[in-house]
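Subject: Structure handover: charged side chains

Hello,

Here is the structure you were expecting. Please open it alongside this email.

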Amino acid sequence: MTMSPFLCVLVRFSKDGYRPHFTRRLFFHKRRGFDYCMLSLVLMFVVVVVKVASEEAICLQGTPESPYPLSQRKSCLATGGGDEGGYVNPLLDVSGLPRFEEIHAKHVVPGITAVIEEVEKGLEEIENQLGDPSHRLSWSAISDPLERLGYPLGYSWGIVNHLNGVRNNEELRQAHQKIQPAVVKVSTRLAQSIPVYNAMKRLGESVSELDGPQERILASALQDARHAGAELEGQQKAQFNDITLQLAKLSSQFNNNVLDATKAFQLDLTDPADVDGLPDSLKQLMAANAAAEDKMHVDSERGPWRVTLDGPCIDPFLKHSRNRALREQVYLAYITRASNGSTDNTGLIEDMRRLRQEKSKILGYSSFAELSLKSKMAETPEKVWELINSLKSKSRSVAEREHEELQQFASANGHSGQLKQWDIAYWAERQREHLFSFNDEDLRPYFPLPGVLEGLFNLTTFLFGVHIKPSNQDIQVWCGDVRFFDITDGNGNYLASFFLDPYSRPSEKRGGAWMDQCIGMSKLLKTKPVAYLVCNQTPPQKDKPSLMTFREVETLFHEFGHGLQHMLTTVPYAAAAGIANVEWDAVELPSQFMENWLYDDSTIQQVGRHYQHGGRVPVDMFEKVKQARKYRAGYQMLRQLHFSSLDMELHTRSDHWMDVKMKMDQDYALKTLPPLKEDRFPCSFMHIFGGGYAAGYYSYKWAEVLAADAFSAFEEAGLDNRDSISEIGRRFRDTVLSLGGGTHPTEVFKKFRGRDPLPDALLRLYGMT
């Protein structure tokens with residue numbers, strides 16, 4: 001699958017043994033409102049719904065101090081979509097960074113409507129030119145006008161989608177839902193343009209002087225156009241377009257239902273016995289949750305305390321709550337989210353599966369899985385199942401042994417009866433404490449966000465030769481916690497920038513974590529990359545900074561890896577720069593690669609410093625952290641494969657989704673841990689029903705093989721050999737981070753590693769060699 005620069009990344013299911021933590025990273029912005037197979041193809045040389053700039057309103061490269069000035073702006077549409085009195089709609093200002101503090105829900109419908117009208121007019125002109133037999137075809141003759149045409153819609157619609165994820169409210173949601181069908185229709189119109197499609201085909205047949213990235217962009221664009229229905233006619237095209245519109249609405253509704261269901265759950269506790277065993281940081285957060293609504297005084301010792309289903313709360317609660325009945329209540333609430341009442345996704349799942357299957361058949365594929373894999377590295381369902389089954393055979397017996405050991409440990413320490421799903425996190429944490437003499441709370445004081453950022457930036461400088469500093473620009477942000485950074489090369493030349501939105505805000509912000517594109521690289525339009533990095537970590541409490549769990553640090557490193565691929569690209573064409581046009585099952589390589597550095601001694605000494613006395617993470621504690629990395633690795637791998645198999649089966653078989661789920665649950669169930677009949681996890685499985693992972697969830701394991709093998713190049717050189725490590729880091733930058741979607745990921749990996757990827761490093765990582 002070709003990659004959308006609307007990448008919000010997500011997500012790799014976590015290494016803890018229960019589902020709530022599994023949603024720590026959510027959504028590539030292949031979600032953005034409708035079935036992203038559609039939104040990602042719209043224009044030929046823009047592998048996403050129009051995400052490049054118009055010549056009349058370019059973003060200035062500028063200097064490191066001011067690459068995107070807020071002054072002297074101009075709108076791409078001088079009067080379109082404006083408010084009364086001649087005021088120009090801030091959503092239409094594409095000349096720099098978004099004016100977040102001025103953009104409100106009222107601007108969405110008139111603004112996007114105005115952009116769409118301009119796109120429709122511009123497309124007519126382009127089609128007339130390309131349809132003229134005397135018009136000479138060349139790369140620039142087709143690519144340049146489409147790239148200029150695409151930017152205003154991609155830019156403005158990208159802002160709307162971004163705000164819908166980080167500053168969600170009823171007015172914005174309604175505006176998004178109202179205008180979304182028009183965006184789908186114009187995107188479909190662009191993707192199905194016969195003059196553009198025929199021009200692309202003629203270009204591919206008649207021109208031999210295209211460079212490598214241009215050839216790859218052209219091949220991807222032609223395939224994307226076919227998958228968008230460019231070759232369909234009559235009733236088939238009308239049916240296809242109707243399906244696309246329906247999928248857009250259902251995907252958006254699915255995500256909204258999950259968000260609303262998550263917000264709706266609140267469990268207030270008043271008895272101090274009910275918070276027995278909870279760490280102070282969690283009690284402080286829960287007390288703040290309870291106090292927020294009534295503006296009460298926060299008292300973490302006397303309460304009340306409120307449990308919510310957002311990650312920073314539910315994860316540690318299930319790990320540390322000694323009240324088994326409360327753990328059961330919270331766990332069941334989580335796995336039944338969006339499965340009943342006004343937020344019920346049960347029917348939406350079947351509707352989306354049916355529509356995806358109909359769409360696939362119209363395009364000539366036997367299943368949606370076959371369609372999805374046509375543009376991925378794996379290429380066929382058979383290759384995906386080969387990966388899944390090979391890893392399943394290695395992890396099944398290990399997982400069974402690990403669970404038996406956990407059961408024995410729990411029984412020896414007071415647990416009565418068989419472990420249930422809501423017991424796993426609690427007893428796994430106790431066993432981990434017993435085996436390795438630490439828990440997440442012991443590490444948290446060593447990871448204040450400012451110190452983690454400093455260590456991460458120092459590592460990036462060492463490996464890749466770039467420098468990261470807070471920007472001194474007058475930047476508008478959507479929340480006071482958001483920060484903005486600039487990246488420069490070793491000579492001080494400006495390369496890119498990024499926004500960082502680190503903290504959880506359950507009332508308005510989607511769960512998980514992601515990287516998304518704000519502005520992409522384009523030589524034609526003189527734009528440099530700007531990224532959004534969004535996390536949902538623990539916010540500051542009282543007089544303490546944000547103290548991160550080790551998993552939250554991993555998540556930040558993960559998303560930053562995605563950001564680096566977007567920001568350090570050297571591909572000059574917007575359609576293949578950074579994350580654009582990268583196969584979905586390869587895009588997790590940089591993100592998972594960056595996580596590995598947290599298990600390097602030198603790195604952790606840079607990243608981890610106590611927020612009070614500045615001391616480093618104790619050596620003996622970090623050795624335990626490294627040992628604990630393989631803790632319950634078989635169990636976690638099996639669960640990953642379970643979800644990958646469920647995803648593939650849901651997009652291959654025609655049985656009701658509950659029947660498919662029950663079959664997969666039984667196939668992957670451990671002998672003494674049968675599936676729960678109440679489990680409705682697919683109703684909140686946003687990766688495949690609200691995101692871009694449909695028939696692609698296996699990608700995490702596929703890319704994990706690549707990431708582990710890539711990191712092993714550094715291990716083979718010796719992590720203490722800093723000169724060699726620096727040299728290999730530059731090679732990683734010049735290949736994986738630089739070449740983007742302009743080169744097939746297999747060739748990119750070979751350029752870095754000198755050979756095809758091997759699974760050995762991943763198996764060593766999990767202790768399964």
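Below are notes on its charged side chains.

First, the basis. This is a predicted model, in which local features need pLDDT of at least 70 and side-chain atom pairs count only at pLDDT 80 or more, while totals for chains, interfaces and linings use all residues. Residues are numbered from 1 along each chain as its sequence is written, and side-chain values use heavy atoms, with hydrogens and water left out.

Salt bridges

The count comes to 41 salt bridges (a side-chain nitrogen of Lys or Arg within 4 Å of a carboxyl oxygen of Asp or Glu). Here are some of them.

Arg327 pairs with Asp423, at 2.8 Å from N to O. This pair links distant parts of the chain: Arg327 sits in helix α10 (residues 324-335) and Asp423 in helix α14 (residues 421-436), 96 residues apart. (Helices are DSSP runs of H or I, at least four residues, numbered from the N terminus.) Arg327 is buried, with a relative accessible area of 2%. Asp423 is buried too, at 0%. (Buried means under 20% relative accessible area, exposed over 50%, partly exposed in between, with a 1.4 Å probe and protein chains only.)

Arg189 bridges to Glu127, and their closest N and O atoms are 2.8 Å apart. Arg189 is partly exposed at 36% relative accessibility. Glu127 is buried at 12%.

Arg396 and Glu400 form a salt bridge within one helix. Their closest N and O atoms are 3.9 Å apart. The two are separated by about one helical turn, because they lie four residues apart in helix α13 (residues 381-412). Arg396 is partly exposed at 22%, and Glu400 is buried at 15%.

Surface patch

Which residues form a negative surface patch? They are Glu117, Glu120, Glu124 and Glu125. (Patch residues have over 30% relative accessible area and no salt bridge, and like charges are joined within 9 Å; Asp and Glu count as negative, and the place of a Glu charge is taken as CD.) Glu120 lies in helix α2 (residues 108-131). Glu120 is partly exposed, at 40% relative accessible area.

Best wishes

Definitions and conventions. Patches are made of residues with over 30% relative accessible area and no salt bridge: like charges are joined within 9 Å, nonpolar side chains (Val, Leu, Ile, Met, Phe, Trp, Tyr) within 5 Å. Accessible areas come from the Shrake-Rupley method with a 1.4 Å probe; for residues, only the protein chains shown count as cover.
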